[in-house]
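Here are some notes for a colleague who is new to this entry. Please read them with the sequence and the structure open.

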Amino acid sequence: MSKKKISKVWDRYIYIKADIENGGSLHLIDDVIDLERSIKKAELTQRQLRILNLYYYNGYTQEEIATDLDVYKSTVSRQLNLVINKITEAYYGGNMDWLH
């Protein structure tokens with residue numbers, strides 16, 4: 001599964017969350033709730049949650065996260081891919097045909 005395809009779920013999440021926070025389409029709140037449940041269901045470690053928050057919510061680069069956590073950038077990249085895969089799988093219950 002390519003990184004571009006996996007990122008689709010995150011692009012949608014970030015768009016919906018921002019739209020709701022700005023008083024937009026409240027009917028999309030169910031999608032946000034589903035994605036937040038999927039994050040919990042994915043059973044991420046504390047470190048994975050930190051990477052997720054720093055990258056997607058705080059806008060850190062992978063290099064900045066690596067510096068913050070005192071790890072290599074490649075470690076951050078691998079963890080981000082793992083996190084996205086786990087959450088995507090939890091969200092779609094293993095049915096990810098739409099990504100192909």
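Predicted model: local features only at pLDDT ≥ 70, side-chain atom pairs only at ≥ 80, totals over all residues.

1. Two aromatic pairs are present in the structure. One of them joins Y55 and Y56, whose ring centres are 4.9 Å apart. The planes of Y55 and Y56 stand at 85°, which is over the 60 degrees needed, so the pair counts as edge-to-face.

2. Y55 has 28% relative accessibility and is partly exposed, whereas Y56, at 16%, is buried.

3. Y91 and Y92 also form an aromatic pair, with 4.6 Å between the ring centres. Their planes meet at 75°, so this pair is edge-to-face. Y91 is partly exposed at 22% relative accessibility, and Y92 is partly exposed at 26%.

4. Helix 5 covers residues 73-92 and has 20 residues. From its first C-alpha to its last, helix 5 reaches 29 Å, close to the expected 28 Å at 1.5 Å a residue.

5. Which residues of helix 5 are buried? They are T75, V76, S77, Q79, L80, V83, I84, I87, T88 and A90.

6. What follows helix 5? The residue after the helix is G93, and its phi is positive, near 55°.

Definitions and conventions: Residues numbered from 1 in each chain as written. Heavy atoms only, no water. Phe/Tyr/Trp six-rings, centres within 6.5 Å; stacked < 30°, edge-to-face > 60°. Buried < 20%, exposed > 50% of the residue type's maximum accessible area, 1.4 Å probe, protein only. Helix = DSSP H or I, 4+ residues; strand = E, 2+ residues; numbered from the N terminus. Expected span 1.5 Å × (residues − 1).
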